[in-house]
Amino acid sequence: ATENNFEEQDYQQYNQQAITEPEIENFIPAVAYDGRKPGYVFKKDFLGLGYYRDPVQIAQMAAQRAKEQAEAVPYGQWTTTKVIKTKDEIKEEEDKQQQQQQQ
């Protein structure tokens, strides 16, 4: 396991996916720190001061999303609830049953 508590294989797989995610910009310029931004690290680097994309965080976020999707209840396997009938519906069913028995 890596320092960030997930397997190296997972890191490589999800980091590759994260690199191609279009919604994550590589750099967001900022004149000062403006709070935490998921998937970014605030620093001064070759593009100047701002938020740089952090591949470790992005890989962790992608791994978390994949885990949540894998744990989601598959379509069609939701629990069912008992259907509650009105008095009129019950009476109507009883009447139909009686008519069928009389025939």
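This note sets out several points on the fold and surface of a predicted model.

1. Overall make-up. The secondary structure of the chain consists of 3 helices and 3 strands. Read from the N terminus, these elements follow the order α-β-β-β-α-α.

2. The 3 strands make up an open sheet, in which their order is 1-3-2 and their pairing is antiparallel. Strand 1, residues 27-29, and strand 2, residues 40-45, lie at the edges; because each has a single partner strand, one side of each remains without a neighbour in the sheet. On average, neighbouring strands of this sheet are turned by 35° against each other, with direction ignored. As background, strands of a sheet pair through backbone hydrogen bonds, and they may do so in parallel or antiparallel fashion.

3. The pairing of strands 1 and 3. Strand 3 covers residues 48-53 and is joined to strand 1 by 3 bridges, the two strands running antiparallel. Which residue of strand 3 stands opposite Phe27? The residue in question is Tyr52.

4. Burial and surface. The chain has 103 residues, and 21% of them count as buried; a residue is placed in this class if its relative accessible area is under 20%. The chain exposes about 8,800 Å², of which carbon and sulfur atoms supply 49%.

5. Contacts along the sequence. Consider the contacts in the chain between residues at least 6 apart in sequence: 35% of these join residues that are at least 24 apart.

Note on methods: Residues numbered from 1 in each chain as written. Predicted model: local features only at pLDDT ≥ 70, side-chain atom pairs only at ≥ 80, totals over all residues. Heavy atoms only, no water. Pairing = 2+ DSSP bridges. Helix = DSSP H or I, 4+ residues; strand = E, 2+ residues; numbered from the N terminus. Axes fitted to C-alpha atoms, helices over the stretch in contact; angles between N-to-C directions. Buried < 20%, exposed > 50% of the residue type's maximum accessible area, 1.4 Å probe, protein only. Contact = heavy atoms within 4.5 Å. Areas by Shrake-Rupley, 256 points an atom, 1.4 Å probe, with all protein chains shown as cover.
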